[in-house]
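Good morning, and thank you for coming.

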Amino acid sequence: MDRYARWNTLLEILAETGRITVEEAAERLGVSQATIRRDFDQLSQQQMITRTRGGAVAGGISYDLPLRYKTARHVEEKHRIGTAAAGLVSPGQVIALNGGTTITEVARSLAMRTDLVATPGSTGLTIVTNALNIANELIVRPHLKVVVVGGVVRPQSYELIGPLAAPILREITLDIAFLGVDAIDHKLGATSHHEGEAAINALMAARARKVVVIADGSKIGGHAFARICPTDRVHTLVTDGNAPAEQLRGFEEAGIRVIVV
């Protein structure tokens with residue numbers, strides 16, 4: 001287990017239990033106590049936890065962990081989902097990508113598609129995003145036109161949020177909005193933990209002809225604080241085989257195309 005995977009696991013344990021000792025953490029993660037002490041010290045320096053004698057407590061941990069600590073979760077599923085979602089894009093389209101680890105896999109798959117390169121008499125793919133990490137990965141691809149909306153950076157997701165993003169989004173039209181979500185339920189719709197992200201994602205959805213929700217199976221059937229859009233605004237759901245079958249039937253009955261990878 002690499003460092004970020006350990007940190008992610010430690011933060012999740014603390015979010016659930018509130019505190020843990022060095023000995024308990026070392027046993028659960030299968031590493032030495034010296035390694036755990038270094039991890040605790042580094043997380044404490046970043047103000048992610050509060051260090052105590054012999055352990056750590058959940059000092060101000062958010063349930064929405066920073067993106068860099070999530071990258072090791074459901075890696076294979078997210079890669080398959082990203083590849084399948086990227087396959088829905090046609091040359092010349094204008095698409096939107098919000099932030100998150102699964103959407104990042106969509107961006108990487110799009111970057112590898114040589115058929116999206118503009119040919120004489122045609123236009124290439126245009127990608128509109130509010131995620132700085134995604135823009136950073138795509139700007140080195142000369143066949144892609146990348147548009148970044150304005151806003152204030154949210155460190156947990158690298159997404160730009162707030163009223164500065166709205167003027168740009170209101171002036172463009174999108175063929176497809178690919179939205180990574182914190183949860184989606186066939187009755188409650190797509191939701192996000194953070195109201196600022198939800199507002200920008202809702203605007204992307206409103207400006208798109210089609211909305212494609214990207215979510216690994218762990219997010220299907222759940223709900224979060226702020227709604228992005230209702231179920232009837234979603235055209236396609238791309239997920240994996242871990243999604244609850246009852247939820248998938250509910251989406252299909254609502255007329256949503258469900259792609260399970």
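Let me begin with a definition: a residue is buried when its relative accessible area is under 20%, exposed when that area is over 50%, and partly exposed in between, using a 1.4 Å probe and protein chains only. What you see is a predicted model, in which local features need pLDDT of at least 70, side-chain atom pairs count only at pLDDT 80 or more, and totals for chains, interfaces and linings use all residues. Residues are numbered from 1 along each chain as its sequence is written, and side-chain values use heavy atoms, with hydrogens and water left out.

I start with helix α4. Helices (H or I, at least four residues) and strands (E, at least two) are DSSP runs, numbered from the N terminus. The buried residues of α4 are E77, K78, I81, G82, A85 and A86. They are on the same side of α4, because the arc they cover around the axis is only 155 degrees; the arc is that of the directions from the helix axis to the C-beta atoms. As background, an α-helix has 3.6 residues a turn, so residues three or four places apart point the same way.

What do the buried residues of α4 pack against? Their partners are α5 (101-111), β9 (174-180), β12 (208-214) and β14 (236-239), where contact means heavy atoms within 4.5 Å. Leaving aside neighbours within four places in sequence, T102 is in contact with K78, I81, I214 and D216.

Next, the strands. Two strands pair if DSSP finds at least two bridges between them. β9 and β12 run parallel and are joined by six bridges; one of the bridge partners is V211 in β12, which pairs with A177. β12 also pairs with β14 in the parallel sense, over three bridges, and V213 has L237 of β14 as its bridge partner. Five of the seven residues of β12 are buried, so this strand is largely enclosed by the rest of the structure.

That brings me to the nonpolar cores. Such a core is a set of buried Ala, Val, Leu, Ile, Met, Phe, Trp, Tyr and Cys residues joined through side-chain atoms within 4.5 Å. The largest has 33 residues, of which I184 and L237 touch the most other members. At least two residues of this core come from each of α7 (166-170), β9, α8 (195-206), β12, β13 (226-229) and α9 (245-253). The greatest contribution to this core is that of α8, with five residues. A second, separate core has 24 residues, among them I95, A107, A131 and I176. Not counting residues up to four places away in sequence, L237 touches I184, V213, I220, L248, F251, I256, R257, V258 and I259.

An unreviewed UniProt entry annotates residues 3-58 as "domain: HTH deoR-type"; UniProt positions are given in the numbering used here, feature names are shortened, and annotations may be inferred rather than shown by experiment. The span is 64% helix and 16% strand, and its end C-alpha atoms lie 19 Å apart.

Helix α2, residues 22-29, has V22, A25, A26 and L29 as its buried residues. The arc they cover is only 100 degrees around the axis, which puts them on the same side of α2. E27 and R28 are exposed, on the face turned away from that buried side. The buried residues pack against α1 (3-17), β1 (19-21), α3 (33-45), β2 (50-52) and β3 (55-57). Just after α2, G30 takes a positive phi of about 70 degrees.

I close with two loop residues. G18 sits in the loop between α1 and β1 and is partly exposed, with a relative accessible area of 29%. Not counting residues up to four places away in sequence, G18 touches I13, A56, V57 and A58. Y158, in the loop between β7 (152-154) and β8 (159-161), has a positive phi of about 65 degrees although this residue is not a glycine. At 27% relative accessibility, Y158 counts as partly exposed.
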